[in-house]
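Welcome! Take a look at it first, then work through the tasks.

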Amino acid sequence: MDNKLKYAIVAILVIIVVVGGLGVGLHLFNPPQTKYNTITFASSATPSSIDPAVAFDTNSVFFDDQIYQTLVAYNTTTFNGQTVGSIAPAPGLATHWTVAKNGSVTFYLRQNVTFSNGDKLNASDVAFSLNRVITMAQGPSFHVRQFLNSSGIHVLGTYTVMLVPSAPYPWFLNLFQLWVTSIVDPSYVNAHGGVVAKTVNQFMSTNAMGTGPYELQSYGAQQITLVANPHYWGPKPNITQIIYSVVNQPSTQQALLQKGSVNVALNIPLDQMNNLKNYTNVKVKSGPTSSEYYIGLDENVTPFNNLSVRKAIEYAVNASVLTAHSTFGYGTTIYSGMAPTIEAYTPAFKMYQQNVTMAKKYLAQNATYAHGFNTSFYYTAGDPIGQNIATILQQQLNAIGVNITLNPVQSATFDVQVGAGSYPMFYEGWVNLLATPDDGLRPLFNAANLGQYGNYNYFNNTTVSHDLVNGGQQYNTTLRYGNYTQAQQILAAQAVEVPLFNLQNVIPMTTNVHGLLVYPTFDIYVAQATLS
């Protein structure tokens, strides 16, 4: 989501509790002497906004998950013998729904729901919330605005609302699982700034009024506290207070987790997980995601505007070795521009098995590069996965005379420059939050998304763009699969990138936390957990 919603492992939030002086040393947090059953959370940063219409990072969405709710929730499944979150639809604020042939969805709302101030939820609140997202037109709204406009929102009764897609979209229902479609209280919003076109409501950035199991108690730059919502319609949570504090250093988070003064720490790098497993009071939970990580080749930059050079790189790289030695046991090699868990996945890139002879043969097709060339490889500084990939890639490409200079770049700079086409070769990832081929392929390879909109490879192919757009509008499964299969085959034939791996979502926590599920979307729902 990012532009790409770096909803991903590189920007994950972490949870912890800290009291006076945490930023200075490893002082144990002394929980307040109250009736609360408190879980401690720590994050690497203060959320940018807890307004679901604006939130576009994991730190922010964490709060939306606790305070607000959507029409459709996420389900569960089994992974490696344990229960984990699933993107399959489940009842949320809507108890059930019907889907028409034209893709329209009629939602039937729960009739016993109130916001945390006691206001009753009804269908008009749903219409207000979705219209608000469309009108404000902030970052995450692109998910909604592509397929829904105000004329498609119809209140049919006090607890019934019909949503009509503005364009054909087979996964229209899934949009209403995303945090951005959370239902807000119209009275509360209108009393505090209302809705202004293309404008952020600053009050709602640090205040909230939702129907979820928790409500906001206090908001500070270094610590945010939530408490159980007394008006919550569902089962009362066992955990009645959440304290979220900013702890910048992963090493500090790890030390606090080891001491037991932190319950969950999500900014700890994957290369440290094996160390955590040695702590008797810590467990590490993981689950599948729909992520895709890859080596990008900017076709606007010499020599990667040359197909033979790109094919040489494909044959020179051993993606399985890169995966094994950089993901610390939490990655699976992939052979397409999207994860193998997504419908229509086609392992088209599997034809490129490491073959130095073939790689040199393709380089020799252009006299300029027959003996190799020099280029630069960019990755995010401080990321152990990126660092390992860079080191191993340097060795693999050196075998064919390609010498790469390694350039670690700070995250904020990387995000801007990779979209601007400043990096000829780079390590990047995409978290496919909707777990659909449309969300997995179109942002990265459609010509309409060149540059900052997600197509960092600057790949421009008319047939692929047509297939991706048409596939995303095709209700017929056979025809849809045909579009996506052909697109993936062309992507491989054009050697558009080097697909690497799909990463798991990994969450370390203390052993007294039970039932906190790992979701492929990186959402966290504290209400489902208990503390012993």
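## Getting to know the chain

The accessible surface of the protein chain is about 19,400 Å², and carbon and sulfur atoms account for 50% of that area (Shrake-Rupley method, 1.4 Å probe). This is a predicted model, in which local features need pLDDT of at least 70 and side-chain atom pairs pLDDT 80 or more, while totals for chains, interfaces and linings use all residues. Residues are numbered from 1 along each chain as its sequence is written, and side-chain values use heavy atoms, without hydrogens and water.

**Exercise 1.** Compare the radius of gyration of the protein chain with that of a compact globule.

*Solution.* Start with the rule: 2.2 Å times the number of residues to the power 0.38, with the radius taken over C-alpha atoms. For 532 residues this gives a value near 24 Å, and the chain has 24 Å, so the two agree. Next, look at the box filled by the C-alpha atoms: roughly 75 × 55 × 40 Å along the principal axes. Finally, 59% of the 532 residues count as buried (under 20% relative accessible area; exposed is over 50%, partly exposed in between; 1.4 Å probe, protein chains only).

**Exercise 2.** Describe the ring pair of Y74 and Y519.

*Solution.* Rings of Phe, Tyr and Trp (its six-membered ring) pair if their centres lie within 6.5 Å; planes under 30 degrees apart are stacked, over 60 edge-to-face, and the rest tilted. The count by this rule is 25 aromatic pairs. For Y74 and Y519, the centres are 6.2 Å apart and the planes stand at 55 degrees, so this pair is tilted. Now locate the partners: Y74 sits in strand β2 (residues 72-79) and Y519 in the loop between β20 (513-514) and β21 (530-531), 445 residues apart. Strands are DSSP runs of E with at least two residues, helices runs of H or I with at least four, numbered from the N terminus. Last, check burial: Y74 has 12% relative accessibility and is therefore buried, and Y519 is buried at 4%.

**Exercise 3.** Which residues of helix α10 are buried, and which are exposed?

*Solution.* Begin with the buried residues of α10 (residues 356-363): A359, Y362 and L363. They cover an arc of only 105 degrees around the axis, so they lie on the same side of α10; the arc is that of the directions from the helix axis to the C-beta atoms. Then turn to the other side of α10, where T357 and K361 are exposed.
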